[in-house]
Amino acid sequence: MAKMNLEKLRKQSPKEKKTLNGQIGSVSEWLDDRLGLAKGGRVFFNKIFPDHWSFMLGEIALYSFVVLLVTGVFLSLYYVPSGALEIYHGTYAPLRGTVVSAAYSSTVNLSLHVRFGLLVRQMHHWAADIFLGAIAVHMCRIFFTGAFRKPRELNWIIGVTLLILGIVEGYLGYSLPDDLISGTGLRLMFSVTESIPIVGTHLAFWIFGGNYPGNGSIIPRMFIAHVLLIPAIITALIGAHLGLLVKQKHTQFPGPGRTEKNVVGTPMWPGFMFKTQGFMFLVVGVIALLGAFAQINPIWLYGQYLPYKVSYAVQPDWYMGWLDGALRIMPSWEFQYHSIMIPNQFFPAVLLPGIVFNIFILWPFIEAKITKDKKEHHLLERPRDNPMRTAIGAGTFTFLFMLFSASATDVLANYLTISLNIVLWFFRIATYIIPFIVAAIAYRFCIELQRAGDKAGKRKRTNIVWRNEQGEYYIEKSPAREGDFDVIGETEEEPIELTPELSEELNKKADLIGVGSSAATNELAEKFLESGEDGVKHVSRD
Amino acid sequence: MNSKKKTVKTFVSVIAVVALSLIFSLLESNSYNSNTPNFRTSSYSANNVSAVSQTTSSTPTTSTSTSVSSSVKETSSFGSNHLNSNVKSDNKKKKFVGPLLYQGSNVRATYNQVKEGQTLFDESCASCHGAQASGSDRAPNLVGLGPATVQFWVSTGRMPLSNPIIQPIRKPVKFTQAQILDIVSYVSSLAPGGVLIPNIKGYNSSSIANGASLFDINCAGCHTITGAGDALASGAYAPSLHQATPEQVAEAIRTGPANMPRFNPGVLTNSQVNSLVKYVTQGIQKPDNAGGWDMGGIGPVAEGFIGLLIGVGLLMLGAFWVGDRQ
């Protein structure tokens, strides 16, 4: 219908012929008459986005998710979700003639055989790494600026849910190719599921269709979850995330003209739409470059997974790293209560993420309970303005980062040529100590930054020290530059007026230590400055 | 005051824990060190009987004086000091029977090789392994180890050792091929036995797929699936396989250097070793490396590092560029 309308417009006589804008206008008018788009469109086009760069971090996640969807559709055209065994006849010589699963062989074929296959697969994998990385960075921004406070608790919960779903989705995708490393990850997950007291064994057997490796149903099941179930939930939640964002409007940093009741920034049209479009190209471009030039997960080298094969130095993708690290540093403690045994995998791999994610989800309420703050907040806090929250956040981040690093104990030991046992013990202890040290430093840092006021991050104004022929020194301020603040004059101490008495006293002191001997410092100084004689010029900072 | 006390308390506890961890690590390394001598003496004692008798009976200087009596021995069997006998005599050269070097071949080391080897050994090895190669408190006995072991350690540059550490590292080789063979000949001439240099001539025609499968089962557990190598317990490590020559791969399989287990012909047949040699020198060292830079072949650790640092980092810079900084 819209096309017909355009045709009609084109056929109009030159007199009636409208400009391009007019044409678009009449098309949109036609659509508005039928769908009522103008109202929603106005809300959309008038949506104000604050300009601060940290507000763009979530968009990295959004656009890498778009890349994930597009590349994922391509991959699903070639991937065969089946554990059925077949003989490999493809191009990769070291595998030829060996028995592999359909899932593995189709992934190898799509990597080495299908045109653009490897590029798309690598882009998909890099985009997954970047998607979760961007979510983590975005979450840090929200946390440290207090953007989760009332009325945005729900959006925070949706965001944390997206993070959890993203991790699960990434893990499933990592497991689908059925190569040696992903199979090792699946084996681990079977044991972790089994370690849940009472229900664990039943759960694991149900998911895998029997004892490990199951009856071959795990790959089709993971496939459906990976390409249909979880992406659908993620897409819906992203919709809700952005819908709430429009409904509740953006937060903003405090500043001139910014209040709890307005939002200062660029409207969607004209302005932000172009900015965000450009940013989307940047995200896609970076992912495409990584996909083209950096190899990720070369499964043809890893070979088909078989339960009796294992490789050393197997790690999960980075977002599962903290769980792997927790498993690695967990001492081999096991608890038994009558007939119920809790294997030691339960604590790092089930209990730890359970606690961490519950704290994440509940954090807005925990904080409101502690601070008894029930007001609405639309202005952000700088991290320094809330030292306790910043310290807690920094400590938690460090704890997770230490766990994450612990998943690379073997790699660290190898590259630093340190004993693996020492690295392991370092992480067993440091993981619990360093977070407190970092939190204390962060707290102190916030307080110092508060004290520094507006001077923080600015440079001190340079002082020029002059020395005249008599060997006397004078301090003079350099011309002020942008962003300077005074050390001597305005902020630190008032300059002391040099009275004759003081001058005499100073001279006495100078005599004592053998520097300078003039009696009338003041006069000489004036004379010296007036005459414009060349002294020796020393410029020093402060 | 209170807060000060608290900070002092936390500081003290931090120091205490760090000290504890240090003590732990020291204990660990101590226990390792105390183990090693036991390990050495027990594993090398089998050869010590002959070694001790050699060291007590003769040093190079004394053996020249007793050359006439020992010259009879040389022709019939391996003796440690046969070379120090009257070298000028051509008859002895003819009578000399060198040690066998290669598996499945009758090639023996020549008199000159053994002689050259002894000179090189005295120059570069004897200071630790002893003039009779019978070992010392800092180096193991080499008598009876066989050609493959000696060739592996010298041809990978691990010997001579520059720095006595738990596990020697691969270095640029100090000798030419011929010189290495001389040293091998000399050490092998000291006593019979040990592993001969494996015959890998036919490896290029064996199955690479078979090798890949054998590698997954037998080697990837330590050397990793890409052959990049990784750290093992207590300072030991599985080295990278990317520089190994075909001969060295086979020698390592058969002799089990350092922490590596020894795979004798009952475990891996000669043709299986050949398949492994082919896979390591082709599939591992020259992989079909589609997809760009492999980042050292250490898998998701490097990938996560690049993904976060380059990927997310670059995009954050992009956001910083596009957005407002205030």
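**View 1. The salt bridge between A:Lys309 and B:Asp216 in the predicted model**. A:Lys309 of one chain is paired with B:Asp216 of the other, and the closest N and O atoms of this salt bridge lie 3.3 Å apart. The count of salt bridges between chain A and chain B is 1, while the residue pairs in polar contact between these two chains, both partners at pLDDT 80 or more, number 14.

**View 2. Elements of chain A that touch chain B**. Two or more residues each are given to this side of chain A by helix 4 (57-76), helix 6 (117-144), helix 11 (268-293), helix 12 (299-302), helix 16 (409-416) and helix 17 (420-452). Helix 11 of chain A gives the most, with 9 residues. By residue class, the side of chain A that touches chain B divides into 46 nonpolar, 12 polar and 8 charged residues.

**View 3. The area buried between chain A and chain B**. In the predicted model, 66 residues of chain A are in contact with 59 residues of chain B, and the area buried between the two chains is about 5200 Å², with carbon and sulfur atoms giving 69% of that area. A:Trp53, A:Gln295 and A:Tyr312 together supply 13% of the area that chain A buries against chain B, which is more than any other three residues supply.

**View 4. Chain A as a whole**. Chain A contains 20 helices and 9 strands, and buried residues make up 46% of its 542 residues. Among the contacts in chain A with a separation of 6 or more, 71% are accounted for by residues 24 or more positions apart. Chain A exposes about 29000 Å², of which carbon and sulfur atoms supply 66%.

Notes
Residues numbered from 1 in each chain as written. Chains lettered and ligands numbered in written order. Predicted model: local features only at pLDDT ≥ 70, side-chain atom pairs only at ≥ 80, totals over all residues. Heavy atoms only, no water. Helix = DSSP H or I, 4+ residues; strand = E, 2+ residues; numbered from the N terminus. Buried < 20%, exposed > 50% of the residue type's maximum accessible area, 1.4 Å probe, protein only. Contact = heavy atoms within 4.5 Å. Areas by Shrake-Rupley, 256 points an atom, 1.4 Å probe, with all protein chains shown as cover. Buried area = accessible area lost by both parts, 1.4 Å probe. Salt bridge = Lys/Arg side-chain N within 4 Å of Asp/Glu carboxyl O. Polar contact = N/O pair within 3.5 Å; in protein donor to acceptor, adjacent residues only side chain to side chain. Nonpolar A, V, L, I, M, F, W, Y, C, P; charged D, E, K, R; others polar.
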